[in-house]
Amino acid sequence: MALSEQEQIRRQKLAELRKLNINPYPAEGFDVDATTASIKSNFEEGKQVSIAGRLMARRIQGKASFAELQDSEGRIQVYFNRDEMCPGEDKTLYNEVYKKLMDIGDFVGIKGELFKTKVGEMTVMVKDMQLLSKSLKPLPLPKTDADGNVHDGFTDPEQRYRQRYADLVVNPHVKEVFKKRTKLYTAMRTFFNDRGYFEVETPILQAIPGGAAAKPFITQHNALGIPLYLRIANELYLKRLIVGGLDGVYEFSKNFRNEGMDRTHNPEFTAMEIYVAYKDYNWMMEFTEQLLEYSAKEVNGTTKATFGEHEIDFKAPYARVTMRDAILEHTGFDINGKSEEELRAAALEMEIEVDETMGKGKLIDEIFGEKCEAKYIQPTFITDYPKSMSPLTKEHRDNPELTERFELIVCGKEVANAYSELNDPIDQRERFEEQMALLDKGDDEAMFIDQDFLRALEYGMPPTAGLGIGMDRLIMYLTNQQSIQEVLFFPQMKPEKKAPEVSEDAKTVLDLLKSAEKIELSALKDQSGLSNKKWDKAIKELTKNEIAKVEKTEDGLWVNLV
């Protein structure tokens, strides 16, 4: 891979450091006794400190220089004075190493003394410096002009997600989202543990992809010679533990679903599921309200959160609306007692896209998703789902056509799903068989029959309430992030296209085009300063590699970046 001019220079500096017997990647650690945040919160003039981090800005002025050091908690100014760093005759550490061989992005360890500048800025006067790691690639730092305007910020979402390591360095505010994510996990664990529930781990590789209606990823176990599925849900394993006598279990699980990607879906995601014996879905609604109210306070200090144009309040209690009433209110159509054919006809009349593989449950789900879901902004429990939509849920105590299930909708999206869990093994087997019939019709998200789970139910499972929460979506709401990729350190991305190698003339034209984005063909040629022959070759090279395209308009020929 061709190196840029800056990358070549940094490698030359690397070689020079080694000639000076300085290891640019030393094996020994560096003792740190302070951070930028602790220095600022407990500043003492003259205090000796030992800090480490990246050099992020430098202003070299002969025998003295100011710089900024960034660690995991912020930035602080550091002052390099040649005679303070090198009190003896040998000034190499300042004159050669610091001034000539170090760059922005290098990790350094600094021992020094705290003082305030004439303008009152807290600063570390460097007494000793050690290079801890040489940076060979320049950071994509923004540039600020004389008027204070920022240019070339590292803001392109695709680049930020692909290079999250660089994103976290140059956009340190991004870390705040992930700090809050950790706070959310801690809050929920505390809430569960204080109530005596037990955190467990269940298999990711499963012989049968159960516990949800979703398309799984398939892999192969070579030693056993069998196909296995990446977990789509952990529900059936957690309920096995309830059978085994654990009265309350929960798990933060990585789940995998081989489905589409968009702003609210990633094929790999985190769910929290909890199951509590001797409870039902009415108890679980109150439990969920208490959990989310507590968690919101722990994460943000308040039950309120801003998401886009909406202010959400997670303070209990939440509204409760049945699935039937929601659809009736927003479409005028009553799903009660309707056949599959009537539901399909109604969906088509509402201009909802459906197909012949969809059974009653999926048709109702499509109607609700298309016509109702987006209407619920504040936390709302949608309750009492039709039985055909809920193969793992206990039949409703008052209506055999329904189940004791709710989903929590926030800002038009599902955040939580909960049941009074089905514990009748005969009923459960019949529900699984109905799912297999849907699978035979072509529904690739229908559930498989899990014979081992049925065997567990036959030993007896107490009445149980279960809850699943999408952790990624919940933290989106608590941090006002419109895309799920913003709350995942490393979201799934399409394969990165390798940038095609182009000639120096083509690079010259490309740089001009990047600064203009769109420019008239003749103007671009004039600015390039290339001869006709070189120009023709360069523009053909860019268009052939689909880097740029030429468009004919009423105003002439224009060049755009692809």
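Where is the place of Pro-391 in the chain? It is in the loop between strand E17 (380–383) and strand E18 (405–410). Strands here are DSSP runs (E, at least two residues), helices are DSSP runs too (H or I, at least four), and both are numbered from the N terminus.

A word on the source. This is a predicted model, in which local features need pLDDT of at least 70 and side-chain atom pairs count only at pLDDT 80 or more, while totals for chains, interfaces and linings use all residues. Residues are numbered from 1 along each chain as its sequence is written, and side-chain values use heavy atoms, with hydrogens and water left out.

Start with the whole chain. It holds 18 helices and 23 strands. Its radius of gyration is 31 Å, well over the 24 Å that the globule rule gives for 562 residues, so the chain is more spread out than a compact globule. That radius is taken over C-alpha atoms, and the rule is 2.2 Å times the number of residues to the power 0.38. Along the principal axes, the C-alpha atoms fill a box of roughly 90 × 70 × 55 Å. Of the 562 residues, 45% are buried. Buried means under 20% relative accessible area (1.4 Å probe, protein chains only).

Now the open sheet. It has eight strands, in the order E8-E12-E13-E20-E19-E18-E17-E16, with mixed pairing. Two strands pair if DSSP finds at least two bridges between them. Strands of a sheet pair through backbone hydrogen bonds, either parallel or antiparallel. The edges are strand E8 (198–199) and strand E16 (319–322), each pairing on one side only. E8 runs parallel to strand E12 (residues 248–256), with two bridges between them. Glu-199 stands opposite Tyr-250 in E12.

A hairpin comes next. Strand E14 (residues 304–307) and strand E15 (residues 310–313) run antiparallel, joined by four bridges. Ala-305 has Ile-312 in E15 as its bridge partner. Two residues lie between E14 and E15, and Gly-308 in the turn has a positive phi of about 60°.

Return to Pro-391. This residue is buried, with a relative accessible area of 9%. Beyond its neighbours within four places in sequence, Pro-391 is in contact (heavy atoms within 4.5 Å) with Leu-422, Gln-428, Arg-431, Gln-435 and Met-447. Lys-544 is 153 residues from Pro-391 along the chain, and their C-alpha atoms are separated by 54 Å.

Methods: Buried means under 20% relative accessible area, exposed over 50%, partly exposed in between (1.4 Å probe, protein chains only).
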